[in-house]
Amino acid sequence: MFGYARASTSKIDTVVGIDPDGQRRPLSPALVGGVVHPKLALRRVIEAVAEQRTDALCSDVARRVAAHPPVPRPLELEVVTETWDTLHALDPDAEPLTRVVHARCEVPR
């Protein structure tokens with residue numbers, strides 16, 4: 001009744017943490033955008049990418065991560081645009097089809 005055709009791929013702007021073992025892990029909306037609402041955090045990343053302010057965003061997120069580190073604690077952050085296969089994005093072993101890194105920064109110790 002409310003269904004509609006979905007695109008085969010989806011692009012997502014986000015910030016990911018890179019752990020000491022090299023794993024990329026998502027961060028919470030509070031760490032990414034300084035807010036608890038996922039859509040507001042996403043909006044901040046989308047705007048930073050569009051306005052080419054990703055270095056500043058990366059630094060802001062790194063300060064929040066340093067103050068309230070998740071477990072495992074990331075060593076670095078990446079502001080990225082990832083393209084995912086829409087039908088398989090939630091598979092446990094899924095990887096993005098493409099990843100564009102807009103900024104990378106270290107998390108202060």
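A disulfide is a pair of cysteine sulfur atoms within 2.5 Å. By this rule the count comes to one disulfide. Cys58 and Cys105 form the bond, with an S to S distance of 2.1 Å. The model is predicted: local features need pLDDT of at least 70, side-chain atom pairs count only at pLDDT 80 or more, and totals for chains, interfaces and linings use all residues. Residues are numbered from 1 along each chain as its sequence is written, and side-chain values use heavy atoms, with hydrogens and water left out.

**Confidence**

pLDDT is the predictor's confidence in each residue, from 0 to 100. The protein averages 94, and 98% of the residues score at least 70. Helices (H or I, at least four residues) and strands (E, at least two) are DSSP runs, numbered from the N terminus. Confidence is lowest in strand S2 (residues 24–26), with a mean of 93, and highest in S4, at 98. Where pLDDT is low, the predicted coordinates should not be read in detail.

**The disulfide**

The torsion about the S-S bond of Cys58 and Cys105 is about -95 degrees, so the disulfide is left-handed. Cys58 lies in helix H3 (residues 54–67) and Cys105 in strand S4 (residues 98–106), so the pair ties together parts that are 47 residues apart in sequence.

The expected span of a helix is 1.5 Å times one less than its number of residues. The table sets out both helices.

| Helix | Residues in helix | End-to-end C-alpha distance | Expected span |
|---|---|---|---|
| H3 | 14 residues | 20 Å | 20 Å |

In H3, the buried residues are Thr54, Leu57, Cys58, Val61, Ala62 and Val65. Seen down the axis of H3, they fall within an arc of 135 degrees, so they line one face of the helix. The arc is that of the directions from the helix axis to the C-beta atoms. On the face of H3 turned away from its buried side sit the exposed residues Asp55 and Arg63. Contact means heavy atoms within 4.5 Å. The cover over the buried residues of H3 includes strand S1 (9–18), helix H1 (29–33), helix H2 (38–50), strand S3 (76–85) and S4.

Ser59 also lies in helix H3. Ser59 is partly exposed, with a relative accessible area of 31%. Its C-alpha atom is separated by 9.5 Å from that of Ala103, 44 residues apart along the chain.

In H2, Ala41, Val45, Ala48 and Val49 are buried. Down the axis of H2, these buried residues fall within an arc of 100 degrees, so they line one face of the helix. The face of H2 turned away from the buried side carries exposed Lys39 and Ala50. Elements covering the buried residues of H2 include S1, H1, H3, S3 and S4.

**The core**

A nonpolar core is a set of buried Ala, Val, Leu, Ile, Met, Phe, Trp, Tyr and Cys residues joined through side-chain atoms within 4.5 Å. The largest has 19 residues, and those with the most contacts inside it are Val15, Leu27, Leu77 and Val79. At least two residues of this core come from each of H1, H2, H3, S3 and S4. H3 gives the most, with five residues. Not counting residues up to four places away in sequence, Val15 touches Leu27, Val32, Val45, Leu57, Val61, Leu77, Glu78 and Val79.

Gln52 is found in the loop between H2 and H3. The phi of Gln52 is near 55 degrees, a positive value in a residue other than glycine. Gln52 is exposed, with a relative accessible area of 72%.

Pro72 lies in the loop between H3 and S3. The peptide bond from Val71 to Pro72 is cis, with omega near -5 degrees.

Arg109 lies in the segment after S4. Arg109 is exposed, with a relative accessible area of 63%. Leaving aside neighbours within four places in sequence, Arg109 is in contact with Arg73, Pro74 and Leu75. Arg109 and Val71 are 38 residues apart in sequence and 14 Å apart in space, C-alpha to C-alpha.

Notes. Buried < 20%, exposed > 50% of the residue type's maximum accessible area, 1.4 Å probe, protein only.
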